[in-house]
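I am opening a notebook on this structure. The entries below follow the order in which I looked things up.

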Amino acid sequence: MAETALVIVESPTKARTIKRFLPSSFIVESSIGHVRDLPQSASEVPARIKGEKWARLGIDVENDFAPVYVTPKGKGKVIRELKAKLKTADVLFLATDEDREGESISWHLMEILKPKVPVRRMVFHEITRAAIEHALENYRAVDMQVVRAQETRRILDRLYGYTLSPLIWKKIAYGLSAGRVQSPGLRMIVERERERIRFRSAEYWDIKATLATDTSSPPFDARLVRADGKRLCTGKDFAPDTGKLTDDSLLHLGEAAARKLADSLTSEQWRVTSLTYKDSTARPSAPFITSTLQQEGNRKLGLGARETMRTAQRLYEEGFITYMRTDSPILSEEGLSGSRDAVVGLFGEEYLSSTPRRFSTKDSSAQEAHEAIRPAGREFRHPDETGLSGRERALYELIWKRTLASQMADAKKQTLSVRIEAGTAEFAAAGTRIVFPGFLRVYVEGKDNPDVALDDKEVILPALEEGQPLIPREIEPLGHATKPPARYTEASLVQRLEREGIGRPSTYASIIGTLYERQYIRRIGTAIAPTFTGMAVTQLLEQHFAELVKYDFTSDMERALDEIAEGHRDHLSYLKEFHLGSEGLRQRVARRESEIQPERSRTILMPQLKEHQEVKVGRYGPYIIHRENEEAVHASIPEDYAPADLTEEDITELIEVQKRGPEPIGEHPDTGQNIYCLTGRFGPYVQLGETDPDGDTKPKRASLPKGVKPSEVDLALAVRLLSLPRVLGIHPEKGLEVVANVGRFGPFVVCDGDYRSLRKGDDVYTVGLDRAVELLAMEKSGRRTSRLIREVGEQPGKKRKVAIYDGKYGPYIKAGTKNISLPEDRATPEQIEKLTPEEVFAIVEASGK
């Protein structure tokens, strides 16, 4: 008789997938994530330790940093079910993920279940029949060194956050926080913003010539590089802080000089002076590891790091890809065979590299036992054969292409550099011809710099010879301005975090996600900018705890944790040194706390301010204080201003609006009420009527369009803005009102919750009912719409519908018109399925929305 085995994994999806490959006598259950953790709130602190001074911390610092673990709310039922299933089992298999967190979950399961049957740790990096069968035969014990390292990491994070965060609450504002890896990550973003604030633009001109070999040949472009024996300056030749040239020997053309030179070149003879051919070879990138997957997911698919990892998690748990948390670019023999067979089958032998490409990592702490992220199995499924759609299909195809490309032949290119003479001026042209595409047939790595991205494109020049005369078809002077350093995107931030050794690839998504949740950063297009609050928090930490936000301090900590995992360092000694030593965290905070002045901490140092001005962060957001004639004017800074984008002109405008106070622009022609132009936390707006001092009624308001300044608003524009929303009439089929308005994504029409954006040529202020009905009849296109996951019901006391949706940035709760992010530990499909209505309503209540 076959023995009964209980297999425990972390998620129901993984459980369903793995069950397909196990004998019928195996019971597969899910722990649905962690079963124990440190207390998250005062209500979770056990009664037996509530009187201890360290109770809220959940760590007995004086007793060898003993952690107090509690069962998270809602997990009691899961644990009871696991215990009941364990009673019928002859053996327990712990099949949690193979990383440190997975090892930790397995240990916690042992501690809480207290099994009396044999326990076998089962690890695999993909969910295929071969991998599961191999794992069953090659089980091991739980690795306590890895568990200890993960526990130490958790304790360090708690000590850092719970020691510094209360200090920041007192000195800046309640609810703010610091984190061991989040704070150095935020510092990177803030430092880049400061570079942009210090930046001084410089103007320079060059000349573009459109040339041809004769009147009938296709033209090509050449750019001026030298004139009168001097090299022409480019944007790289100016100091970013001053806007001055760094080399006075260079030729700096202004507009007048560039136009004069361009005019003089029309009468010159143009000829080719040199041709330089260069052959080059490009090699494919390594298969994906966690960090490079996040970068390319952002560059190519527009996914944030968190969404990339959520999507990859689903692909792994459904058996499509290998494990997605890895820092090893190695392909197993199975992976090499699968990718090389696919290349030959799809493109032929000529596109296959002559020998298998074997990549290695430069990171000495990388987990080499792991494998790169690749399609699962011996035979790679073509994206068209997976049945996947949406983000899952797009990410799988990205992984499939990158893996195949890693085993393909080099791309061969030939570049041609041409020098052209016209009088005393010298022009340059360049062409690129792809001789053999090799791996470029499948995959071109994304670039954060669009200029560099052009390297992989062909630019064909006509047949040219030295001494050949050319005909100028157009000579065009072009003006340029130097650009400030580009803000980080999620892709470039992940790249920098990895380079500095801050955190681990598996933590990058949560680092960035936490910074968004704390409202320390925000998106501007695809770029990341710090908020004024984020600037203030970083400034306080730099001024008073500089060592704790140094990049090498954080990376040294990561290396120490790796050494603990490898058994080369004692975890307890390290914790004592970090927290209790003479230069430990507790002593540093105790020494500095009394020296930190709250008013100074809330004041952000910004060079664009005048002596009598300062920017502060307060309870309701950032604001400017302008002192004049012993009086102080306070003006809110709208949230859509990034610190580096706040100019002296903007500051003056905000102050002047505040100085004038609520002076009416005029009276509304229909109602006779006064109309005001005011500035608030979310930017300038017009308001119809007076503000109710009791707050019982809210006057009608409308935001100013982007680019319109308060000083430019007249009565006609204000009345026009306040005309929204416009009721256009009754829908002929639905019998409900059709409304035109402007929202976050621009102008739209709506009927019964069905929205359509206005098209080019439509005007939200004049669009009529017939046109609106026509738009509403069209299929939705463009932006990805949210998908309903489940209805929850009506929220008690609020009488509003509550449901859970899957949106562009992941699952969220919609309560009436309010959107609330789901906590990360509740956001997987299985966890959402398990959420009770009461738990959903509690999340909504806690959000305050």
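**Entry 1: strand β5 and its neighbours**

I looked up the bridge partner of A5 in β5 and found V91. Helices and strands here are DSSP runs numbered from the N terminus, at least four residues of H or I for a helix and at least two of E for a strand. The model is a predicted one, where local features need pLDDT of at least 70 and side-chain atom pairs count only at pLDDT 80 or more, while totals for chains, interfaces and linings use all residues. Residues are numbered from 1 along each chain as its sequence is written, and side-chain values use heavy atoms, with hydrogens and water left out.

Strand β1 (residues 5-9) pairs with β5 in the parallel sense, over four bridges. I took two strands as paired if DSSP finds at least two bridges between them. β5 also pairs with strand β6 (residues 119-121), again in the parallel sense, over three bridges. There, the partner of L94 in β6 is R121.

Which way do the side chains of β5 point? V91 and F93 point one way, L92 and L94 point the other way, and all are buried. Buried means under 20% relative accessible area, exposed means over 50%, and partly exposed is in between, with a 1.4 Å probe and protein chains only. In a regular strand the side chains alternate between the two faces of the sheet.

**Entry 2: aromatic pairs**

I counted 13 aromatic pairs. Rings of Phe, Tyr and Trp (its six-membered ring) pair if their centres lie within 6.5 Å; planes under 30 degrees apart are stacked, over 60 edge-to-face, and the rest tilted.

One of the pairs is F93 with Y139: the ring centres are 6.4 Å apart and the planes stand at 80 degrees, so I noted the pair as edge-to-face. F93 lies in strand β5 (residues 91-94) and Y139 in the loop between α4 (129-137) and α5 (144-171), so the pair ties together parts that are 46 residues apart in sequence. F93 is buried at 3% relative accessible area, whereas Y139 is partly exposed at 39%.

I then looked at F320 and Y396, whose ring centres are 6.2 Å apart with planes at 70 degrees, so this pair is edge-to-face. F320 lies in the loop between α9 (305-317) and α10 (333-347) and Y396 in helix α11 (residues 390-405), so the pair ties together parts that are 76 residues apart in sequence. Both F320 and Y396 are buried.

Back at F93, I found that ring pairs link F26, F93 and Y139 into a cluster.

**Entry 3: charges over rings**

I searched for a charge over a ring, meaning NZ of Lys or CZ of Arg within 6 Å of the ring centre and within 35 degrees of the ring normal. The charged end of R36 sits over the ring of W107, 5.6 Å from its centre. R523 has its charged end over the ring of Y516, 4.2 Å from the centre.

**Entry 4: backbone angles**

Most residues other than glycine have a negative phi, and most peptide bonds are trans. I32, not a glycine, has a positive phi of about 50 degrees. I32 lies in the loop between β2 (26-30) and β3 (59-60), and is buried at 8% relative accessibility.

D64 also has a positive phi, near 55 degrees. I placed D64 in the loop between β3 and β4 (66-67), where its 44% relative accessibility counts as partly exposed.

The peptide bond from L724 to P725 is cis, with omega near -5 degrees. P725 is in the loop between α21 (715-722) and β24 (726-730).

**Entry 5: an open sheet**

What is the strand order of the open sheet of four strands? I read β20-β21-β22-β23, with antiparallel pairing. The edge strands β20 (664-667) and β23 (700-703) each pair on one side only.

Strand β22 (residues 683-688) pairs with β23 in the antiparallel sense over four bridges. L688 stands opposite K700 in β23.

**Entry 6: V767**

V767 is in the loop between β27 (754-757) and α22 (769-776), and is buried at 5% relative accessible area. Leaving out residues up to four places away in sequence, V767 touches R726, L728, A740, V749 and A772; contact means heavy atoms within 4.5 Å.
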